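Please look over the chain below, with its sequence beside it, before reading on. The paragraphs that follow walk through a few of its features, one after another.

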Amino acid sequence: MNIPDDAFYTLLNQALAQRGEETLQRALYHALQEAILRGTLGAKSRLPGSRAMAQTLTVSRNTVNGALEQLATEGYLLRDRQGSRVAILPQRPVVDAPEPPAVRLPPHLARLPAGTQRDSPTLMLTPGTPAVNYFPLPLWRRIIDRTLREEGSALLGYGDSAGEMRLREAIARHLTLSRAISCDASQIVITEGALEGLTLCARLLSEAGETAWVEEPGYVGAKSAFLSAGLHVVGIPVGEEGMQPEGNAPLPRLIFTSPSHQYPYGTVLSASRRLALLEFARKQGAWIVEDDYDSEFRYSGEPIPAMLGMMENAPVVYLGTFSKTLFPALRIGFMVMPKVLAAAVQPLISSLLRGGHRTEQVALAHFIEEGHYARHLASMRRLYRKRQLQLREAIGRELLFPHQIIGGGGGMHLTVQIDGIDDVAVVQQARQYQLAPAALSRFWLDETEARSGLVLGYGSTSASQFPAALRTLQQIMRRCRRG
Ligand SMILES: Cc1ncc(COP(=O)(O)O)c(C=O)c1O
């Protein structure tokens, strides 16, 4: 050994004495490993025999042999008939690195909007979170069990990169009936929520440096997806009839819109604007990315047809999600493409996606085919319609600040414009009270144009909680007045 025996045993005895919760074997293993990594025990050093070590350390020989065996398996020691010697490690890992290496991320990522964690089920008024406690869990568990029983190991491979055929067929039938989109499974790709659909659109349909139009105010996820793809993201103001492109906006390759229920304003893109946008995209060679995130929950007027279904081979990629209609953790969404685009893109999908999550996808196909999905949608529609009315009433009674409720023809949130407050500060403080509304101003790219207010989700909050929640928000707003 390159250190005297005394020093060697002192080092190990100290480690054993300070081992805390660790077993003797584990403590011995760690002490020897560290001594080798630090060079205290140099390469080729021969260790005392296991019997001698056990006697001197007053531990069992099994304990010593167990630690030495583990170190030999991991390549720190070489063991032969004469005992154990320290291996020559290719390059000694730096144990005490003086400073962590500087991390340099691509500069365009600095423009990503701040994200929010929506992880706690106890948070109230969170926009976009459905009533997960109404989801028929026992039924879902039975369908998952049945799927695993019937399909067994057949579902354990990667599967089709575009997603389970059975689910794509079920979605195609559902969209034909409920959204007037006539499509087949070959036009559909299953994604990890609408968010992955957005990143796929950016990767498949645009190049870094090209322009993407987004709604202003609009869905933060779309901005993040496009910015992270290196696109130049331009906000297009949203008026009463939806997105209103102005003459001087740079020409886009992608146009993101939530036409059936604009997020967060809740407006509907009028039929004439839809046709004009479709015509513009066609002439321009641009693609419209249609986010239909919560169109299933419409409470007034006729259902609004999807843009993808408005004309044959419309220049539209339609994004749908089960995050709002079932539960967010499912992380299943889908992208529907016109036939010509699907034919061009499907061969590339196997380079970009790897399938997986097959049990959930097949179970979801059964859930849709057996009518549970339509039933759940109908009952959630009733629940949310009622909750929205109750939230409106509670706002009318409790919110003394001058305010204006915008939109509200459907969905799971109400947007309340409230001038003169620092809405970001309100939202930060509200967290202490388990309230998680969103700050309206955060939905603008251009802060100078932003209006303040709160986006209040009622999907996962019961009506009995509205009055107290609003009174708390009112108190916080008093503390967060501007000017
Ligand atoms: C406007 C909008 N689109 C789409 C989504 C769905 O995202 P995902 O399917 O990735 O959960 C959300 C969810 O917050 C949303 O607010």
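Is Tyr263 buried or exposed, and what is its relative accessible area? Tyr263 is buried, because its relative accessible area is 13%, where buried means under 20% relative accessible area, exposed means over 50%, and partly exposed is what lies in between, using a 1.4 Å probe and protein chains only. This is a predicted model, in which local features need pLDDT of at least 70 and side-chain atom pairs count only at pLDDT 80 or more, while totals for chains, interfaces and linings use all residues. Residues are numbered from 1 along each chain as its sequence is written, and side-chain values use heavy atoms, with hydrogens and water left out.

Rings of Phe, Tyr and Trp (for Trp, its six-membered ring) pair if their centres lie within 6.5 Å, and planes under 30 degrees apart count as stacked, over 60 as edge-to-face and the rest as tilted. By this rule the model has 16 aromatic pairs. In one of them, the rings of Tyr263 and Tyr293 have centres 5.5 Å apart and planes at 65°, so the pair is edge-to-face. The two residues are 30 residues apart, with Tyr263 in the loop between strand E7 (254-257) and helix H9 (271-284), and Tyr293 in the loop between strand E8 (287-291) and strand E9 (316-321); here helices (H or I, at least four residues) and strands (E, at least two) are DSSP runs, numbered from the N terminus. Tyr293 is buried as well, with a relative accessible area of 10%. Tyr263 also forms an edge-to-face pair with Phe443, at 5.4 Å centre to centre and 80° between the planes, and this pair links parts of the chain 180 residues apart. Ring pairs join Tyr219, Phe256, Tyr263, Tyr293 and Phe443 into a cluster.

The backbone at Tyr263 deserves a look too. Most residues other than glycine have a negative phi, and most peptide bonds are trans. A cis peptide bond, however, joins Tyr263 and Pro264, with omega about 10°, and the bond from Glu216 to Pro217 is also cis, with omega near 5°. Thr58, in the loop between helix H3 (50-57) and helix H4 (61-73), has a positive phi near 50°, and Thr58 is exposed, with a relative accessible area of 70%.

We can turn now to the nonpolar interior. In soluble globular proteins, nonpolar side chains tend to be buried together. A nonpolar core is a set of buried Ala, Val, Leu, Ile, Met, Phe, Trp, Tyr and Cys residues joined through side-chain atoms within 4.5 Å. The largest such core has 80 residues, and those with the most contacts inside it are Phe322 and Leu364. Its largest share, eight residues, comes from helix H12 (residues 372-398). Leaving aside neighbours within four places in sequence, Phe322 is in contact (heavy atoms within 4.5 Å) with residues including Ile171, Phe327, Leu364 and Tyr373. A second, separate core of 28 residues includes Leu200, Leu254, Met337 and Leu353.

Finally, consider Gly410, which lies in the loop between strand E11 (404-406) and strand E12 (413-417). Gly410 is buried, with a relative accessible area of 0%. Not counting residues up to four places away in sequence, Gly410 touches His261, Phe297, Arg298, Tyr299, Gln388 and Tyr458.
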